[in-house]
Amino acid sequence: MPTFSHLHVHTQFSLLDGAADISDLYKKAVKDNMPAIAITDHGNMFGAFKFVAEASKHNTKDAPNTIKPIVGCEFYVVDDRTKKSFTRDDRDQRFHQLFLAKNAEGYANLVKMCSLGYMEGLYGKYPRIDKQLILQYHKGLIATTCCLGALVPRTILRKGEAEGEKEFKWWLDLFGEDYYIELQRHDIPEQNTVNEVLIKWAKKYNVKIIASNDSHYVDRDDSNAHDILLCINTGEKQSTPTMKDFADDEMMAKGKRFAFYNDEFYFKSTQEMSALFSDIPEAIDNTNDIVSKIEPLKLKQDILLPHFQLPAGFTDQDAYLEHLTFLGAKERYRDISQEIEERLRFELFTIRTMGFAGYFLIVADFIKAGRDLGVFVGPGRGSAAGSAVAYCIGITNIDPIKYQLLFERFLNPDRKSMPDIDTDFDDE
């Protein structure tokens with residue numbers, strides 16, 4: 001039995017489009033002795049951390065196979081990510097594009113493009129990137145011709161083989177040996193047409209072919225549940241006639257709803273994939289070529305708090321927090337009794353010991369900025385109301401000493417998690 005890895009997989013983090021639970025994917029992959037799985041959710045990397053962490057749960061001494069988690073993303077690519085104004089004759093045309101992170105640099109570039117897709121390219125519900133970003137952040141990434149919704153296949157179908165080849169060469173010139181021809185076989189006529197052209201180019205340009213399945217759910221039996229999910233996404237009923245088309249919603253026919261072409265979009269076994277590509281066995285084997293290029297990613301890191309910019313005259317965050325605390329205490333209490341001073345010094349000692357002075361300064365800073373802007377800010381909620389330091393520096397407006405609230409419930413040396421300050425802001 002040949003070895004095969006799924007490199008085009010959508011999980012539940014492809015919001016209202018993917019219906020595959022990450023843990024269930026790993027269980028099926030372990031049972032099938034797959035060397036690796038990739039996560040390639042639409043437009044986001046929300047599931048990346050969970051996906052990598054989940055791998056370790058299944059890579060045990062009792063498991064017959066060690067599965068390598070591969071982090072990727074299927075982006076929405078447009079001509080200009082900053083363009084937000086469209087008409088009926090000038091629609092927002094989005095094309096899919098799959099990237100896989102080879103190493104830490106590639107992961108960082110995925111994160112960067114994903115973030116900029118939301119910050120600069122968000123239109124409606126779609127975070128979008130463009131070729132300008134890809135040129136800037138392509139290092140450390142593996143790219144493929146992707147699916148029927150991608151630029152190369154769409155250009156072949158809409159503009160012809162010659163124009164499609166120009167588009168294909170742009171990607172090949174940029175990624176070189178890290179660019180792969182991706183073949184999918186979901187029994188879609190347009191897909192068969194594209195595959196014939198891609199196979200021809202694979203020979204002409206000596207580009208490796210990989211087999212994939214555009215996996216959106218775990219088992220074939222999940223297809224109906226997935227279809228219901230699509231109905232929720234598009235606000236349609238299942239009884240509405242479907243438009244069995246590969247295209248995005250800009251080609252939706254009036255009175256019909258979007259649906260997947262058939263029930264083939266599941267996490268198929270190695271045996272099923274091998275049978276599907278029995279005429280091109282190297283397409284199965286070449287997935288191992290990509291897996292061998294992937295360096296393991298360590299995504300779990302120690303908490304890194306941002307550095308608070310101190311004003312002139314101060315060089316230490318703890319000293320500045322103490323300064324603000326006693327300055328605020330004079331305003332809050334006027335006369336600082338021994339009880340109040342002991343309480344404040346105890347809290348400051350705990351905050352210093354645990355290294356959270358910068359956290360308090362940052363939270364106090366943005367709460368002050370909100371009030372200065374005239375934004376309604378709540379008095380504070382939860383265990384943070386037990387901190388006299390938070391009260392003195394303006395984070396909360398509830399006197400914990402007057403109401404005998406416990407600071408230890410909010411922060412103590414035995415607590416392993418970050419302090420949790422709950423604050424309400426006006427929504428505008």
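**Close-up views of a predicted model**

**View 1. Strands β6 and β7 lie in parallel pairing.** Strand β6 (residues 179–184) pairs with β7 in the parallel sense over four bridges; two strands pair if DSSP finds at least two bridges between them. From β6 the chain crosses through helix α7 (residues 189–205) to β7, a right-handed β-α-β crossover. Helices (H or I, at least four residues) and strands (E, at least two) are DSSP runs, numbered from the N terminus. This is a predicted model, in which local features need pLDDT of at least 70, side-chain atom pairs count only at pLDDT 80 or more, and totals for chains, interfaces and linings use all residues. Residues are numbered from 1 along each chain as its sequence is written, and side-chain values use heavy atoms, with hydrogens and water left out.

**View 2. Residues of strand β7 (residues 209–212) are buried.** Ile-209 and Ala-211 point one way, Ile-210 and Ser-212 the other. Buried means under 20% relative accessible area, exposed over 50% and partly exposed in between (1.4 Å probe, protein chains only). Ala-211 is the bridge partner of Leu-183.

**View 3. The largest nonpolar core has 70 residues.** Phe-99, Leu-110, Met-113 and Ile-181 have the most contacts inside this core. Such a core is a set of buried Ala, Val, Leu, Ile, Met, Phe, Trp, Tyr and Cys residues joined through side-chain atoms within 4.5 Å. Apart from it lies another core, of 34 residues, among them Tyr-320 and Tyr-391.

Methods:
Right-handed = clockwise from strand over helix to strand, strands pointing away.
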